[in-house]
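This report covers salt bridges and the lining of a pocket. The sequence and structure come next.

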Amino acid sequence: MSVLFDSFESWKRACKESKLTLFKPVLDFEVSQKGRTEAEIWDGLRQAYQVMREAVDTGLNEEMTSHSGLINNGAKRVSQLRTSVLSPEFQKLVARALAAKEVNSCMGRVVAAPTAGASGILPGTLYTLQEIHNIKDREIHETLLIGAGVALILEKRASIAGSVGGCQAETGAAGAMAAAGIVYCLGGNIDQVFNAVAITIQCMLGLVCDPVAGLVEIPCVVRNASAAAIANASAQIALADVSSVIPVDECVDAMGEVGQSMEKRYKETALGGLAATPTGKAISRRVLIKDIEVMDEEEKN
């Protein structure tokens with residue numbers, strides 16, 4: 001049975017009827033749509049995860065100051081703080097999610113998962129999960145395929161773009177992908193995996209996209225860390241068989257409905273929310289002046 005990834009129900013049905021592991025329909029979809037062999041796809045997944053890990057390490061070990069100055073080595077400060085709010089592992093999760101996203105804000109190399117604006121969530125989550133539970137790379141690669149399946153459905157039924165559905169569509173989607181991966185890696189069944197997706201969406205429903213000065217920096221970076229935390233919380237709840245009550249496909253549809261009704265100033269336009277605060281407007285003017293000065297200097301040279 002071919003899965004078109006237009007619903008979680010059809011994905012589940014295909015796995016049940018053909019006795020497939022959760023990642024296999026995604027792998028088959030990739031083969032049919034991209035014209036690549038399974039070996040090529042596995043190699044691509046290996047490279048993607050390597051880039052994710054490198055982004056985390058870069059963000060924690062190199063200078064991370066963005067052109068605007070809004071990002072200034074926040075991940076390192078979190079990582080080096082002697083006070084752990086919950087545990088050293090939670091501190092690592094937060095620092096690593098920040099680190100990978102800061103690399104993006106500083107024009108470094110990241111994996112869009114599913115977007116560059118949400119590029120810290122899967123790396124921070126999977127890096128930490130693998131370290132804590134000693135998970136093999138192959139299983140992480142399978143998790144990336146499952147995350148891709150989640151993103152395919154969200155894209156079709158709602159959106160994964162902040163400009164279309166607000167930040168719920170970007171960090172919300174990445175959080176859902178991460179939650180699904182956590183449950184899968186820890187031995188959860190299909191219902192638990194999809195329940196984790198539903199719970200994550202419920203937790204992030206309605207989150208607006210309001211980048212200060214139009215830059216994918218504030219509050220985008222810290223939202224990557226918070227989404228990673230929500231993904232872990234959702235996975236913990238789902239593994240205990242606590243129901244989302246609202247089925248996952250209906251949660252996705254609700255996300256799409258909220259995104260459609262959201263006013264444009266909350267969709268990556270930098271016209272509302274934090275971007276429209278007095279401080280946000282002042283930062284925008286400062287960044288604009290700085291950019292003009294840089295362009296003038298380039299013209300002189």
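Lys 34 and Glu 30 lie four residues apart in helix H2, which means that about one helical turn separates them. Helices here are DSSP runs (H or I, at least four residues; strands are E, at least two), numbered from the N terminus. The model is predicted: local features need pLDDT of at least 70 and side-chain atom pairs count only at pLDDT 80 or more, while totals for chains, interfaces and linings use all residues. Residues are numbered from 1 along each chain as its sequence is written, and side-chain values use heavy atoms, with hydrogens and water left out.

**Salt bridges**

A search of the whole structure finds eleven salt bridges, each defined as a side-chain nitrogen of Lys or Arg within 4 Å of a carboxyl oxygen of Asp or Glu. Three of them are listed here.

| Pair | Closest N and O atoms |
|---|---|
| Asp 191 and Lys 12 | 2.7 Å |
| Lys 34 and Glu 30 | 3.3 Å |
| Arg 138 and Glu 142 | 3.3 Å |

The bridge between Asp 191 and Lys 12 joins helix H10 (residues 190-204) to helix H1 (residues 8-18), so it ties together parts that are 179 residues apart in sequence. Asp 191 is partly exposed at 44% relative accessibility, and Lys 12 is also partly exposed, at 21%. The classes are buried for under 20% relative accessible area, exposed for over 50%, and partly exposed in between (1.4 Å probe, protein chains only).

Within helix H7, Arg 138 and Glu 142 are four residues apart, about one helical turn. Arg 138 is partly exposed, with a relative accessible area of 42%, whereas Glu 142 is buried at 11%. Elsewhere, salt bridges with shared partners link Glu 30, Lys 34 and Arg 36 into one network. Glu 30 is buried, at 13% relative accessibility.

**The largest pocket**

The largest pocket has a volume of about 460 Å³. Its lining has 21 residues, and Glu 30, Leu 45, Ala 112, Leu 144 and Ala 148 are the closest to the centre. A pocket is an open set of points on a 1 Å grid over the protein atoms alone, where a 1.4 Å probe fits, with protein on both sides within 12 Å along at least five of seven lines; lining residues have an atom within 4 Å of a point. Points are joined across faces, edges and corners, and the volume is the space filled by probe spheres set on them.

Helices H2 (24-34), H3 (38-61) and H7 (137-157) each give two or more residues to this lining. H7 gives the largest share, six residues. By class, the lining has 16 nonpolar, two polar and three charged residues. Ala, Val, Leu, Ile, Met, Phe, Trp, Tyr, Cys and Pro count as nonpolar, Asp, Glu, Lys and Arg as charged, and the others, Gly among them, as polar.
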